[in-house]
Amino acid sequence: MQLINKKKSVLHYKKTIITLVVVFLLAIFSWAGWLSFANQAIVWLTRPVVGWLYQTSPSGSYNNQTSRAVLLGLLKNKDDQLTKLAVDEAKLNSLQTENESLRQYLKFNQSQSAHLVLANVIYRDFLSATSWQNNELVIDQGKNASLVTGQAVVSQAGAIIGCVGQVRDASAQVYLITNQNCRLAAAINNETQTSGIAQGDLGLTVKLNFIPQTEKLSVGQLVVSSGLTASVPAGLPIGRIVQINQENNGLWQDAIVEPLDNLDRLLVVGVLIK
Amino acid sequence: MVAEIHRAARDDKIFMFKRLLAIILALALVCFQLGLIDQLGYGLSWLNLPLVSLVFALNAFSLNAAWFWLLAIGLPLEYLSFHPFGLMIGLLAVILLVDQLLLKHWLTDRSAYTLLILTAVSVLLYELGFWLGDYLLTGGYLTILDLSWNIILPKVGANFLLAAGLLIFNNALNHRFRPVFLEQHR
């Protein structure tokens, strides 16, 4: 009996060691790129199912319950904002027309404009140590659609919602703007076009850092991309300032920026390829 | 002699069929976890089906079955994640080894309490290991807040309940599908 038990435990150890060796060899082969066919097969098999489950899941619907009075108040605010935006849009359109005609007069060479690649969101970040922050996505476009790390990702309304992280052949990781791994060169829409670095803060908001103390900021100002980040065009809206933090003895001040778009329920996003 | 050969061949076929079924089930589980579970609210997104199913496989079946299940769920998770290859599957392997050690030398029986304790230990190890592995291998921005008890304890609780539910389901299934000729008639 003891001999049988001993043989069983030896067999268990052998199988354990064999499994660990198999795992180690898989890691080596994957690193060498020999298992890309397996990668593609698994992604091809699972992506439609995972994508369909994500699209039909009730994401975000449990998190936005509020009272009718609050909703009516929000609606009125949005109406007022819409009116104001319509006025701003009219001004911008006339400025754009004037700009284009001036450029033609000066025969100014415009850089090639970015084109948009639409992508479906397949799933959010279960496979992440910061999954509690809920600020990473996986989309179904990758190297085959010319995606590279650092490109801007925009919502359907045109606001920046994140940037591309790692890219694979047919899928890519997207860090939302509330993710600490997403850093963009930003500028504030004020008289001096104050620039700073917009970086995600704990998965909740965006922090605009490295703003000189001498610059005057105010709550409500619009923050846009400055164009200094490679592969991110200038002028894309990021959010509005909701809080300004100044320290008397510090060199810099920072501002908390609230994203323009709701990041909870994203089904289709666009990647700007310059 | 011939009958034995036929029986062995049939057993092999059944074995292969079971393995194939397990692989399909593992893929379905991974799809379900990534596509649906993670998008749900009210704490349902804390559920970790792959990890709990691995612990269940170890507790209810055997270490061999658990190793097979680890490869079946670990490989799709590796290919669908954007971490260096080996982080997920290596972490699950370490968790499995620790659980096996606990099961063999401390928790000696395979009762419901054992399953729940192993689940709690596994979830804690998973959170810590993933945070550490992610930080060391990717060098990304991680803070100690990612390991705070406010985040980990609810996950342990949710997976506790999942393990208990799985056990009840397994018991109900076994009870319902017990072969009739094995029941004792009083």
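This is a predicted model: local features need pLDDT of at least 70, side-chain atom pairs count only at pLDDT 80 or more; totals for chains, interfaces and linings use all residues.
**Barrel in chain A**

Six strands of chain A form a closed barrel in the order E6-E7-E8-E11-E10-E9, with antiparallel pairing. From one strand to the next, the twist averages 45°. A:Arg183 has A:Gln199 in E7(A) as its bridge partner.

**Contact between the chains**

Chain A contributes 35 residues to the contact and chain B contributes 39 residues. The elements of chain A that each supply at least two residues to the side touching chain B include those in the table.

| Element of chain A | Residues |
|---|---|
| Helix H1 | 2-32 |
| Helix H2 | 36-56 |
| Strand E1 | 115-124 |
| Strand E4 | 160-167 |

H2(A) provides the largest share of this side, 10 residues. By class, the side of chain A that touches chain B holds 18 nonpolar, 15 polar and 2 charged residues.

**Helix pair in chain B**

Helix H2 (residues 49-60) of chain B and helix H3 (residues 63-80) of chain B have axes that come within 8 Å and cross at roughly 165°. Angles over 145 degrees count as roughly antiparallel, so H2(B) is roughly antiparallel to H3(B). The crossing of H2(B) with H3(B) is right-handed. On the H2(B) side, the contact is made by B:Pro50, B:Ser53, B:Leu54, B:Ala57 and B:Leu58. Their counterparts in H3(B) are B:Leu63, B:Ala65, B:Ala66, B:Trp69, B:Leu70, B:Ile73 and B:Leu77. The residues of this contact comprise 11 nonpolar, 1 polar and no charged.

Definitions and conventions:
Residues are numbered from 1 along each chain as its sequence is written. Chains are lettered from A and ligands numbered from 1 in the order in which they are written. Two strands pair if DSSP finds at least two bridges between them. Helices (H or I, at least four residues) and strands (E, at least two) are DSSP runs, numbered from the N terminus. Axes are lines fitted to C-alpha atoms, for helices over the stretch in contact, and angles run from 0 to 180 degrees between N-to-C directions. Two residues are in contact if their C-beta atoms, placed from the backbone, lie within 7 Å. Ala, Val, Leu, Ile, Met, Phe, Trp, Tyr, Cys and Pro count as nonpolar, Asp, Glu, Lys and Arg as charged, and the others, Gly among them, as polar. Angles under 35 degrees count as roughly parallel, over 145 as roughly antiparallel, 65 to 115 as roughly perpendicular and the rest as oblique. A crossing is left-handed if the near helix is turned anticlockwise from the far one by less than a right angle, and right-handed if clockwise.
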